[in-house]
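Have a look at the structure first, then read on.

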Amino acid sequence: MTQFYPPDYAATGQLIEELAQHLRQIGLKVHIFTGQPGYAFDTALAPPRETQNQIQIRRSQTSRLWPQRIRGRAINGIFFTLRTALHLLNPRHKLDVLLITTEPPYLNVLGYLASRIRGIPCICLTYDLYPDVAVALQVLSPQHWLTRFWALLNRHIWKEAHALIVLSATMRDRIVTHCPQVAAKIAVIHSWSDPSFIQPRAKTQNWFAQKHKLDRTFTVLYSGNMGRCHDMQTILHAVKALRQDPIQFVFIGSGAKYPSFQAAVLEARLTNCLFLPYQDKQTLPYSLTACDVALVSIAKGMEGLVVPSKLYGSLAAGRPIAAVCESHSYLREVLNNAQCGQAFENGDSEGLAQFLRYLCQNPHHAAAMGRNGSQYLQSYFTPQQIATLYSHVIYQCVTAHQQKRPVNCAQTIPQPGPLPEHLLTSIELPEP
């Protein structure tokens, strides 16, 4: 159950599509219930029913009110949840297990009710942690009645769910802080990217880079959502600091912070920025490799509440990564284990600018980091590997439900470690 699914551009929907396909290859029978495109407004409405690669897809009509505003997204999510309830509680639909995403966040409530009414196990897949995100964005105060009620409801749902899947260790820690009793049922399973689809590619052999003249200069890429949970201010100041350097910045995508970011670039008369719209999925192997280094950011206070999926595409593309995040971010562990880039504190635009300048002046080090990142993804984050971990959790839940015993995911899902020495290209990184 997920609000977003292709042909929508939303990264969560595209990940769910790949996960469903690989679970089907493992042997699971997969049904998708989703909505109509909410991000891809230039896309015609998708068929209400279709079958793709033996995966049955059912799409409900979805409200598309103000999708870039928090209030609009909340209303759209409520309408989708109500339509999902009508579908899910229909006894004609035979189900063995539910995988409920937090897109929208109210679906967990529906998953809990359906599990109790229909007697089937429910797995909560947490992309964003609410109401914590709303509190961090100052949409709700910590003491607001809705915040307290939502947190209480979450704890009850987590206790009743058969398993929780989160995308990072810091997200697991956030949940355990709220509800220590569920620690054993939490599985940390990262996102992924398909290295057979997105592969390292030289800019000289890349039509996208050549079309936008990115093969002629050192290029820094930010690809994806520029939302409220991303630190665009640190990136903006780094762009200003590098305005006289032979470095081109490319921003692909949109989001709540996109208009103000673009306006700030125009106001400062920065000529080192190129803005492009979201690209179709078939263009990603070229757009993600049309750069020399990739940017990833999480706004201060958002660590463990959201997880940027753009990291994994950049790893697959074989590009070094510059991450803007807090000191305890999971991104730092990934970059350190893979030796594929460097992380910087929120606000450290000077350090970020120095690192980008260093990579521009030392292309052999940038290439080595990119190779390490590509190897790391192939070692731990391919869709086949991740789907296998999901299948372990699914089978554990079904078996435990039949045997009426609790699930212990924490000890059965392995976590990625350092890149094996024989795959690692050693690099002496500059001091931050």
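## Packing and spaces

Beyond its neighbours within four places in sequence, isoleucine 189 touches Ile165, Val166, Leu167, Ile386, Leu389, Tyr390, Val393 and Ile413, where contact means heavy atoms within 4.5 Å. This is a predicted model, in which local features need pLDDT of at least 70, side-chain atom pairs count only at pLDDT 80 or more, and totals for chains, interfaces and linings use all residues. Residues are numbered from 1 along each chain as its sequence is written, and side-chain values use heavy atoms, with hydrogens and water left out.

**Nonpolar cores**

- A nonpolar core is a set of buried Ala, Val, Leu, Ile, Met, Phe, Trp, Tyr and Cys residues joined through side-chain atoms within 4.5 Å; buried means under 20% relative accessible area (1.4 Å probe, protein chains only).
- The largest such core holds 86 residues, and Ile189, Leu311, Tyr390 and Val393 have the most contacts inside it.
- Helix H15 (residues 383-403) supplies the largest share of this core, 8 residues; helices are DSSP runs (H or I, at least four residues) and strands likewise (E, at least two), numbered from the N terminus.
- A second, separate core has 35 residues, including Tyr222, Phe249, Tyr258 and Leu356.

**Cavities**

- On a 1 Å grid over the protein atoms alone, a cavity is a set of points where a 1.4 Å probe fits but cannot get out, and lining residues have an atom within 4 Å of a point.
- Grid points are joined across faces, edges and corners, and a volume is the space filled by probe spheres set on the points.
- Among the residues lining the largest cavity are Thr102, Asp128, Trp150 and Trp158, and helix H5 (residues 145-160) gives the most, with 3 residues.
- The second largest cavity, of about 50 Å³, is lined by Leu221, Tyr222, Ser223, Leu288, Ala294, Leu295, Lys310 and Ser314.

**Second largest pocket**

- A pocket is an open set of points with protein on both sides within 12 Å along at least five of seven lines.
- About 950 Å³ of space lies in the second largest pocket.
- Its lining has 31 residues, of which Lys29, Val30, His31, Ile32 and Leu95 are the closest to the centre.
- Helix H1 provides the largest share of this lining, 4 residues.

Methods:
Buried means under 20% relative accessible area, exposed over 50%, partly exposed in between (1.4 Å probe, protein chains only).
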